[in-house]
Protein chains: 2
Amino acid sequence: MREQIVDAAFEQFHKHGYNACGVKLITDSAKVPKGSFYNHFESKEALALVVMDRYGQTRHLDELQTPKTAPLARLRHHFEALAQDIVDLGYERGCVYGNFSTEAADHIPAIRAGVEAAFGHWANAIAATIREAQDDRSVTTTQSPETLARFLLNSWEGAIVGERAAKDGTSFAAFFTVVFEVVLR
Amino acid sequence: MREQIVDAAFEQFHKHGYNACGVKLITDSAKVPKGSFYNHFESKEALALVVMDRYGQTRHLDELQTPKTAPLARLRHHFEALAQDIVDLGYERGCVYGNFSTEAADHIPAIRAGVEAAFGHWANAIAATIREAQDDRSVTTTQSPETLARFLLNSWEGAIVGERAAKDGTSFAAFFTVVFEVVLR
């Protein structure tokens with residue numbers, strides 16, 4: 001039953017956001033009684049942290065660190081995979097981390113901390129790949145891997161914000177052009 | 001009374017987001033009876049469009065186009081002014097456009113269209129300034145002003161998403177470093 005609730009919450013949080021998605025919507029969608037929720041989770045907030053953790057496993061981070069291809073190709077592939085996920089959803093739903101950051105970080109300290117940790121983990125994985133690319137001289141060393149990684153991650157989150165409004169691919173295209181032709185040169 | 005409602009809605013939408021901010025919260029905050037709301041606005045959605053319009057007037061767009069200083073300096077000043085607004089709020093509240101895009105664009109066509117138009121207007125103002133900077137050779141012409149502008153706008157929105165989680169200035173610092181030392185070179 002716990003698994004059913006987590007699966008449903010993943011889907012509903014992603015679709016509706018944190019605030020518009022109540023416990024009742026989650027338990028209805030999981031087809032379990034509302035009362036059973038609190039046998040498994042202390043709060044909606046606690047469930048949101050479990051959902052973030054599961055979302056992290058779908059973020060293609062392992063591919064970033066698999067040294068089968070050149071580091072710069074892996075970076076591009078990483079963002080292409082993230083983009084494809086969103087294109088497949090018709091540019092809807094966005095990124096769970098970005099959504100939670102925007103909707104809930106100001107008001108719920110545990111969610112703020114969860115998103116901060118998730119972004120930090122992700123930025124570290126990107127930075128490690130950029131460091132490899134700087135070592136093999138496919139990226140210049142004028143900026144630190146950490147600064148570039150944080151910038152790339154945020155720019156990706158912002159491209160998603162742009163696409164949710166326009167839903168036409170322009171923001172994703174601008175991201176790939178500027179990141180791979182200008183920033184990581 | 002209409003003015004009181006718009007002022008209150010601006011504050012409450014910005015603070016709580018679209019979904020967590022109901023008509024009652026707005027009318028309570030405006031100190032007007034809930035029933036009076038619908039004498040002035042057809043819906044919460046219609047009020048959100050008025051709020052977006054007012055928010056646009058605070059986005060420092062006119063300074064971008066005042067040719068008192070060099071175009072590249074104006075671009076930096078533009079984003080510095082936006083950053084200062086958010087630092088003054090303790091990295092809370094974010095950007096009304098970004099918030100509405102994330103929370104409501106998938107579900108409310110009029111809000112999606114409003115955010116798309118606002119981002120488009122803003123991107124055009126940034127592009128015009130980049131074009132000036134390319135004309136005076138302070139920015140290279142390898143990418144179009146439109147692509148660079150869209151990328152900058154989105155990267156700014158993403159830096160805000162990053163700061164709402166970390167609230168430590170790292171994402172804004174990375175934005176200014178990479179944009180002004182690498183992207184607009």
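Okay, let's start with residues 22-41 of chain A: this stretch is 60% helix and 0% strand, and its end C-alpha atoms sit 14 Å apart. Helices here are DSSP runs of H or I with at least four residues, strands are E runs of at least two, and both are numbered from the N terminus. UniProt, in an unreviewed entry, lists residues 22-41 of chain A as "DNA-binding region". Bear in mind that UniProt positions are in the numbering used here, feature names are shortened, and annotations may be inferred rather than shown by experiment.

Quick housekeeping. This is a predicted model, where local features need pLDDT of at least 70 and side-chain atom pairs count only at pLDDT 80 or more, while totals for chains, interfaces and linings use all residues. Residues are numbered from 1 along each chain as its sequence is written, chains are lettered from A and ligands numbered from 1 in the order in which they are written, and side-chain values use heavy atoms, with hydrogens and water left out.

Staying in that region, Lys24(A) makes a salt bridge with Asp28(A), with the closest N and O atoms 2.8 Å apart. By salt bridge I mean a side-chain nitrogen of Lys or Arg within 4 Å of a carboxyl oxygen of Asp or Glu. Both residues are in helix α2 (residues 23-30) of chain A, 4 residues apart, about one turn of the helix. Lys24(A) is partly exposed at 45% relative accessibility, and Asp28(A) is partly exposed at 45% too. For those words, buried is under 20% relative accessible area, exposed is over 50%, and partly exposed is in between (1.4 Å probe, protein chains only).

Now the interface. In chain A, 46 residues are in contact (heavy atoms within 4.5 Å) with 46 residues of chain B. Together the two chains bury about 3800 Å², 60% of it on carbon and sulfur atoms. In chain A, the residues losing the most area to chain B are Thr102(A), Asp106(A) and Phe151(A), together 17% of what that side buries. Buried area here is the accessible area (1.4 Å probe) that two parts lose on being put together, summed over both.

What about charges across the interface? The rule finds 4 salt bridges between chain A and chain B. One pairs the side chains of Arg164(B) and Asp106(A), at 2.8 Å, N to O. On the chain A side, α1 (2-16), α7 (96-104), α8 (109-135), α9 (145-166) and α10 (170-183) each supply at least two residues. Which helix gives the most? That's α9(A), with 14 residues.

Over all chains, the count comes to 22 salt bridges. Among them, Arg93(A) pairs with Glu11(A), closest N and O atoms 3.6 Å apart. That pair links distant parts of the chain: Arg93(A) is in the loop between α6 (71-88) and α7, Glu11(A) is in helix α1, and they are 82 residues apart. Arg93(A) counts as buried because its relative accessibility is 16%, whereas Glu11(A) is partly exposed at 36%. Also in chain A, Glu3(A), Asp7(A) and Arg54(A) are linked in a network of salt bridges.

Last stop: His60(A), in the loop between α4 (44-56) and α5 (61-64) of chain A. Is His60(A) buried or exposed? At 18% relative accessibility, His60(A) counts as buried. Leaving out residues up to four places away in sequence, His60(A) touches His78(A), Ala81(A), Leu82(A) and Asp85(A). The side chains of His60(A) and Asp85(A) are joined by a polar contact of 3.1 Å. A polar contact is a pair of N or O atoms within 3.5 Å; within protein, one must be able to donate a hydrogen and the other to accept it, and residues adjacent in sequence count only if both atoms are side-chain atoms.
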